[in-house]
Amino acid sequence: MDKATTGRIIALMAVWLLLCCTGCANLKDIRNISIRSFNVRSLSIKGLDTAAAVLEVGVDNPAGNIEVTGIEGTAYREGKVLGTFRIEPFSVEGRTSCTVEAACTLGLAPSVSPLALMSMASDFDISQYTVDINLQAKVGKGPKKKLSVKDIPLERIINELH
């Protein structure tokens with residue numbers, strides 16, 4: 001191997017190492033984020049198979065600005081599919097405590113009626129729900145990160161971040 005090729009390999013490894021370190025630093029900051037409140041601000045039925053909600057989340061964010069570009073997944077109640085959801089993109093201001101509103105659309109499973117959903121909302125017991133989530137976010141000017149988790153209790157998500 002000649003000196004030019006060796007130099008290119010070392011330069012590429014240095015760039016790769018820098019990107020990895022930047023990504024890891026952002027992930028450490030994200031682990032320190034905490035949710036201090038969670039509320040369904042509004043819930044409305046759209047037709048026979050869709051519901052729309054506005055979620056209000058109080059966040060303590062010691063990290064930089066966070067741009068959440070996509071959250072989607074499937075919600076389950078007692079192991080049965082409730083529906084698929086999508087949360088519109090939103091941002092969380094860095095190094096502050098703030099309240100974030102996020103618009104959510106839920107496509108109901110064929111076995112769930114809109115009236116049943118309203119009943120579930122009035123008798124909401126967080127321990128009955130699990131979710132599969134696909135999330136895309138970016139902290140500050142860092143690279144976009146993707147995260148996928150399956151069969152996570154909703155109670156665990158809220159309590160561990162609380």
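Select Thr74 to begin: is this residue buried or exposed? Thr74 counts as buried, because its relative accessibility is 17% (buried means under 20% relative accessible area, exposed over 50%, and partly exposed in between, with a 1.4 Å probe and protein chains only). Thr74 lies in strand S3; strands here are DSSP runs of E with at least two residues, helices are runs of H or I with at least four residues, and both are numbered from the N terminus. Leaving aside neighbours within four places in sequence, Thr74 is in contact with Val81, Gly83, Thr84, Phe85, Thr130, Val131 and Asp132, where contact means heavy atoms within 4.5 Å.

A quick word on what you're looking at: this is a predicted model, in which local features need pLDDT of at least 70 and side-chain atom pairs count only at pLDDT 80 or more, while totals for chains, interfaces and linings use all residues. Residues are numbered from 1 along each chain as its sequence is written, and side-chain values use heavy atoms, with hydrogens and water left out.

Click Val81, which is found in strand S4. Val81 is partly exposed, with a relative accessible area of 39%. Not counting residues up to four places away in sequence, Val81 touches Thr74, Ala75, Tyr76, Ala109, Ser111 and Val112. Now draw a line from the C-alpha of Val81 to the C-alpha of Pro110: how far apart are they in space? The answer is 9.2 Å, for two residues 29 apart in sequence.

**The nonpolar core**

Phe85 is also one of the residues with the most contacts inside the largest nonpolar core, along with Ile66, Ile71, Leu82, Ile87, Phe90 and Val92. Select these seven and colour them: the core they belong to has 33 residues. A nonpolar core is a set of buried Ala, Val, Leu, Ile, Met, Phe, Trp, Tyr and Cys residues joined through side-chain atoms within 4.5 Å. Which elements give two or more residues to it? They are S2, S3, S4, S5, S6, helix H2 (114–122) and strand S7 (129–139). S6 gives the most, with six residues. In soluble globular proteins, nonpolar side chains tend to be buried together.

**Strands side by side**

Show the cartoon and find S1 and S2, which pair in the antiparallel sense over 11 bridges (two strands pair if DSSP finds at least two bridges between them). Select Ser44 and you'll see it opposite Ala52 in S2. The hairpin of S1 and S2 has three residues between the strands, and Gly47 there takes a positive phi near 75°. On to S2 and S6: these run antiparallel and are joined by 12 bridges. Here, Ala53 stands opposite Cys104 in S6.

**Salt bridges**

How many salt bridges does the structure hold? Two, each being a side-chain nitrogen of Lys or Arg within 4 Å of a carboxyl oxygen of Asp or Glu. Side chains of opposite charge can pair when their charged atoms come close.

Show the side chains of Asp60 and Arg36, which meet in a salt bridge at 3.3 Å, N to O. This pair links distant parts of the chain, with Asp60 in strand S2 (residues 50–61) and Arg36 in strand S1 (residues 34–46), 24 residues apart. Asp60 is partly exposed at 25% relative accessible area, and Arg36 is partly exposed at 37%.

Then show Arg41 and Glu101, whose side chains meet at 2.3 Å, N to O. Arg41 is in strand S1 and Glu101 in strand S6 (residues 96–108), 60 residues apart. Glu101 is partly exposed, with a relative accessible area of 42%.

**Two loop stops**

Head for Glu78, in the loop between strand S3 (66–77) and strand S4 (80–87). Glu78 isn't a glycine, yet it has a positive phi of about 50°. At 56% relative accessibility, Glu78 counts as exposed. Arg95, in the loop between strand S5 (90–92) and S6, has a positive phi too, near 55°. Arg95 counts as exposed, at 62% relative accessibility.

**Zoom out**

From the N terminus on, they run α-β-β-β-β-β-β-α-β-β-α. Buried residues make up 32% of the 162 residues.
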